[in-house]
Amino acid sequence: MSEQEPGLILHHYALSPFSEKARLILAQKRLPWTSIEQPMVLPRPELERLVGGYRRIPVLQQGRHFYCDTSLIAARLEAIKASPSFLAPSPTLSRLAESYAGTALFACANALVFQPGGVRTMLKILGREQLAALQKDRAELMRESRGVQFQPRAAAASLQAWLRSLDQELAAGAFLSGKEPGLADFSVLAPLWYIRQFYSAALQLDGFANVRDWMDRLKALSESNAPRSAPPDHCLAVVMAAPEDRPVDSSAQDPAVGTRIGVQPADYGRSPSVGVLRELDDNEIVIERTDRELGALYVHFPRVGYEWEAVS
Ligand SMILES: N[C@@H](CCC(=O)N[C@@H](CS)C(=O)NCC(=O)O)C(=O)O
């Protein structure tokens with residue numbers, strides 16, 4: 001697989017804000033990709049067979065490797081194609097912006113999107129039956145959540161405060177990351193894009209022309225890198241054709257390597273993927289799962305924001 005043809009598949013759906021962040025990174029790096037559209041609501045049989053219990057979207061696939069969570073997807077895409085980098089002006093600050101946007105700002109957006117205005121849009125898109133399934137599914141997703149949650153009024157006030165400061169900052173430059181868009185832009189955009197898709201009335205941009213223009217610039221970027229489309233079972237054929245390239249074990253001294261563990265997000269969607277731990281370092285937790293027909297599957301999780309424990 002070359003940089004020109006890295007064999008990237010994104011499991012995602014059109015209206016997923018974290019997927020929009022991943023699509024923006026692919027676009028910024030001008031990486032070709034194949035789109036596998038997953039349903040907004042479980043079940044997602046092919047994906048579940050591949051990654052196990054992890055149930056969040058998006059997931060990046062490359063051969064028999066699966067990268068869960070946009071923070072790790074971003075790191076993987078940076079490793080595949082370092083230039084142009086999206087970590088300006090500083091990798092640490094970019095990752096902190098990513099983390100804040102993915103927690104506090106996203107929680108703020110979630111509180112607004114599930115207000116009656118947002119639910120009306122969902123009803124139009126999904127119909128009554130699917131909407132009921134979505135509401136049940138998302139209640140399950142948030143069950144035992146340990147993440148930040150906002151009351152709608154606090155969310156609306158926080159959003160206004162955020163828009164004011166963002167607008168001031170964007171008066172000085174085209175992007176938060178500088179002249180070129182970067183991880184901070186993609187991460188902060190995602191929750192605002194989410195509100196705009198489902199409940200645009202809650203994102204009043206009158207008086208925030210800099211934010212509006214910035215959102216439009218990022219929309220154009222996202223649309224500039226159209227994927228090829230493939231049906232859901234394409235991912236199985238890709239796995240079968242890929243070599244069984246077990247990750248190089250850089251942490252062999254950790255006694256847990258080689259044992260069975262369950263890995264899950266520390267915040268929400270806390271359903272574990274179970275497999276044999278193959279790699280554990282500051283960036284990743286990698287497990288190997290085995291499918292009788294497909295052979296070895298390597299599922300990668302970020303170290304930060306995920307927890308694991310031994311299972312028998
Ligand atoms: N921290 C994760 C969050 C992913 C996330 O919450 N994704 C949403 C969709 S945008 C999700 O999975 N919702 C439940 C679902 O689609 O089943 C990431 O960065 O990928």
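**View 1. How the two domains sit relative to one another.** The centres of domain 1 and domain 2, taken over C-alpha atoms, are separated by 24 Å. Domain 1 covers 8-84 + 228-310 and domain 2 covers 91-223, with bounds that come from an automatic or database domain assignment. Please keep in mind that this is a predicted model: local features need pLDDT of at least 70, side-chain atom pairs count only at pLDDT 80 or more, and totals for chains, interfaces and linings use all residues. Residues are numbered from 1 along each chain as its sequence is written.

**View 2. The side of domain 1 that touches domain 2.** Domain 1 brings 21 residues to the contact and domain 2 brings 24 residues; two residues are in contact if their C-beta atoms, placed from the backbone, lie within 7 Å. On the domain 1 side, the elements that give two or more residues are α1 (17-28) and α3 (70-80). Helices (H or I, at least four residues) and strands (E, at least two) are DSSP runs, numbered from the N terminus. The largest share of this side, nine residues, belongs to α1.

**View 3. The shell around the ligand.** Look here for Ser16, Pro17, Phe18, Arg55, Arg56, Ile57, Asp69, Thr70, Ser71, Gly102 and Leu141, where a residue is near a molecule if its C-beta atom, placed from the backbone, lies within 6 Å of it. Again α1 and α3 are the elements that give two or more residues, this time to the ligand shell.

**View 4. The largest nonpolar core.** This core has 69 residues, and those with the most contacts inside it are Phe66, Cys68, Leu112 and Ile195. A nonpolar core is a set of buried Ala, Val, Leu, Ile, Met, Phe, Trp, Tyr and Cys residues joined through C-beta atoms within 7 Å. Helix α7 (residues 183-198) gives the largest share of the core, 11 residues. Both domain 1 and domain 2 give residues to the core, so it lies between them. Beyond four places away in sequence, Cys68 touches Val51, Tyr54, Val59, Val299, His300 and Phe301.

View 5. Asn283 is found in the loop between β7 (273-280) and β8 (284-291). Not counting residues up to four places away in sequence, Asn283 touches Ala75, Pro302 and Arg303. From C-alpha to C-alpha, Asn283 and Pro302 are 5.8 Å apart in space and 19 residues apart in sequence.

Methods: A residue is buried if 20 or more other C-beta atoms lie within 10 Å of its own, exposed if 12 or fewer, and partly exposed in between; C-beta atoms are placed from the backbone.
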